[in-house]
Amino acid sequence: MNHNRSSHTRAATRAGLDRYPALELEYADQIITGLRAHGLGYQEIARTLDIRARRVEATLGEISALHGRGVSLSEIAVRVGLPRSTVHDIAGAAQPQSTARKTAVLAAISDMHGMQRDVLGWFLGMERNHVLSLVKQLHKEGLIHKPAQVQAGEKWVVPTRVTAARYLGWRPADWYPPLGLAEHYRAVAQARVMLVGADRALWVPERVLRHRIGKTAGTNGKTKSGEPLLSSGRTPLLGHPHVHDGRFLGVVEGTYGWWALEVELSKKDPEHMDIALKGAIRAARDATEESMVGVLYLCRTSAVIDNVNAAYDRLPASEFGEALALDLLVRDFDQRWRKFLTDYAARREAAKAASSNRRRRTIIHLSSREAS
């Protein structure tokens with residue numbers, strides 16, 4: 001190996017990466033991948049960026065892939081540019097290593113029951129190949145069920161009951177995406193991505209809201225399975241608590257605070273829509289854990305928007321008059337999602353351009369040093 005080239009590369013790269021720990025994870029992955037493509041070994045990359053070799057492996061996964069194919073540790077060490085002892089530690093660790101990204105994924109899918117792989121990519125800002133690799137590793141470690149194909153599109157990533165319990169704080173029932181509601185669960189996860197992203201402190205999932213109600217419901221307020229009697233879904237029930245699709249802390253059209261989220265994908269019977277809207281407003285109005293400022297409806301198609309607005313016009317003034325200190329906003333789900341994807345793509349392209357510029361500056365610097 002050309003040690004002069006390695007020394008020059010580290011010096012050139014480090015000059016522009018003094019703030020590496022503060023970079024977003026997606027940028028870190030791009031830099032590590034770029035340096036590897038430029039010919040640097042694991043140890044060189046780790047020293048250049050002042051990180052551990054395990055962090056390099058978390059992005060590249062070469063040691064795991066080669067070890068899985070039966071390649072000897074000595075040969076792997078030569079290929080990736082690490083001492084054999086370090087390769088042995090990484091490949092033969094007794095316990096799977098925890099990473100911030102793995103924790104974020106497991107917490108998110110526990111909160112949301114599960115997510116499809118493409119939604120996970122948007123959630124974490126990860127490229128598809130990295131998502132597939134991470135999901136494969138989580139399944140290998142027994143933390144998730146085998147990814148399942150439920151409806152058209154990407155497979156679902158669902159935590160095991162034990163994994164979900166670790167992140168929720170209670171032992172939930174096993175869950176699998178129901179065919180009739182899979183699209184709804186997908187849309188709610190998309191809404192979370194749009195509204196607050198991966199910050200768990202800004203989101204209260206439906207699963208937690210249901211658990212809160214279950215803890216306070218008496219014996220007569222539960223089904224035989226122990227689940228609380230709730231007013232939600234396509235045919236909401238009178239006289240039972242309403243559960244929002246989620247609650248989030250953020251700014252919606254200039255108003256900051258806790259908002260209740262309702263995702264409506266299909267048109268309801270007027271009677272059921274009236275029950276659902278009243279329940280959503282009452283649940284937000286009477287919330288004690290979060291002080292709510294409004295209810296946001298994200299609707300698919302103009303017919304669904306009209307359905308919600310018509311129910312709003314039918315609200316009895318005696319209970320839902322001008323004195324109600326809550327905002328009610330009804331907006332187009334797909335329109336907002338398209339805008340999110342446009343902005344997301346622009347951010348990704350900007351990140352790639354920045355990474356490419358850094359690599360170009362490194363190459364130019366190396367060329368000038370070699371010429372001298």
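Visitor: Where is the place of Thr 301?

Guide: In this predicted model, Thr 301 sits in the loop between strand 6 (292-299) and helix 15 (302-313).

Visitor: Why is Thr 301 called partly exposed?

Guide: Its relative accessible area is 41%. Buried means under 20% and exposed means over 50%, with partly exposed in between. The value of 41% falls in that middle range, so Thr 301 counts as partly exposed.

Visitor: What is the phi of Thr 301?

Guide: Thr 301 has a positive phi of about 80 degrees, although it is not a glycine.

Visitor: Which loop holds Glu 253, and what is its phi?

Guide: Glu 253 belongs to the loop between strand 4 (246-252) and strand 5 (255-264). Its phi is near 50 degrees, a positive value in a residue other than glycine.

Visitor: What makes Glu 253 partly exposed?

Guide: The relative accessible area of Glu 253 is 49%. Exposed requires a value over 50%, and buried requires one under 20%.

Visitor: Why is Leu 209 called buried?

Guide: Leu 209 has a relative accessibility of 6%. The limit for buried is under 20%, so Leu 209 counts as buried.

Visitor: Where is Leu 209, and which residues does it touch?

Guide: Leu 209 is part of helix 13 (residues 206-216). Leaving aside residues up to four places away in sequence, Leu 209 touches Val 204, Val 243, His 244, Gly 246 and Arg 247. Of these partners, Gly 246 is 37 residues from Leu 209 in sequence and 7.8 Å from it in space, C-alpha to C-alpha.

Visitor: How do you know that Glu 183 is partly exposed?

Guide: Glu 183, which lies in helix 12 (residues 182-195), has a relative accessibility of 32%.

Visitor: Which residues does Glu 183 touch?

Guide: Not counting residues up to four places away in sequence, Glu 183 touches Gln 151, Leu 265 and Arg 300. Glu 183 and Leu 265 are 82 residues apart in sequence, and their C-alpha atoms are 8.5 Å apart in space.

Visitor: Where is Leu 265 found, and which residues does it touch?

Guide: Leu 265 is in the loop between strand 5 and helix 14 (270-285). With residues up to four places away in sequence left out, Leu 265 touches Glu 183, His 184, Ala 187, Arg 300 and Val 304. The C-alpha atoms of Leu 265 and Phe 333 are separated by 8.6 Å, and these two residues are 68 apart along the chain.

Visitor: Why are helix 6 and helix 7 called roughly perpendicular?

Guide: Helix 6 (residues 73-80) and helix 7 (residues 84-91) pack at an angle of about 105 degrees, with their axes 9 Å apart. Angles of 65 to 115 degrees count as roughly perpendicular. The angle of about 105 degrees lies within that range, so the two helices are roughly perpendicular to each other.

Visitor: Which residues meet there?

Guide: Leu 73, Ser 74, Ile 76, Ala 77 and Val 80 in helix 6 meet Arg 84, Val 87, His 88 and Ala 91 in helix 7. By class, the residues of this contact are six nonpolar, two polar and one charged.

Visitor: How do you know that the buried residues of helix 6 are on the same side?

Guide: The buried residues of helix 6 are Leu 73, Ile 76, Ala 77 and Val 80. They cover an arc of only 105 degrees around the axis, and therefore they lie on the same side of helix 6. Just after helix 6, Gly 81 takes a positive phi of about 80 degrees.

Visitor: What makes helix 8 roughly perpendicular to helix 11?

Guide: Helix 8 (residues 100-111) and helix 11 (residues 161-168) pack at an angle of about 95 degrees, with their axes 9 Å apart. That angle falls within 65 to 115 degrees, so helix 8 is roughly perpendicular to helix 11. The contact is formed by Thr 103, Leu 106, Ala 107, Ser 110 and Asp 111 of helix 8 with Thr 163, Ala 164, Tyr 167 and Leu 168 of helix 11. It has five nonpolar, three polar and one charged residues.

Methods. Residues are numbered from 1 along each chain as its sequence is written. This is a predicted model: local features need pLDDT of at least 70, side-chain atom pairs count only at pLDDT 80 or more; totals for chains, interfaces and linings use all residues. Side-chain values use heavy atoms; hydrogens and water are left out. Axes are lines fitted to C-alpha atoms, for helices over the stretch in contact, and angles run from 0 to 180 degrees between N-to-C directions. Helices (H or I, at least four residues) and strands (E, at least two) are DSSP runs, numbered from the N terminus. Angles under 35 degrees count as roughly parallel, over 145 as roughly antiparallel, 65 to 115 as roughly perpendicular and the rest as oblique. Contact means heavy atoms within 4.5 Å. Ala, Val, Leu, Ile, Met, Phe, Trp, Tyr, Cys and Pro count as nonpolar, Asp, Glu, Lys and Arg as charged, and the others, Gly among them, as polar. Buried means under 20% relative accessible area, exposed over 50%, partly exposed in between (1.4 Å probe, protein chains only). The arc is that of the directions from the helix axis to the C-beta atoms.
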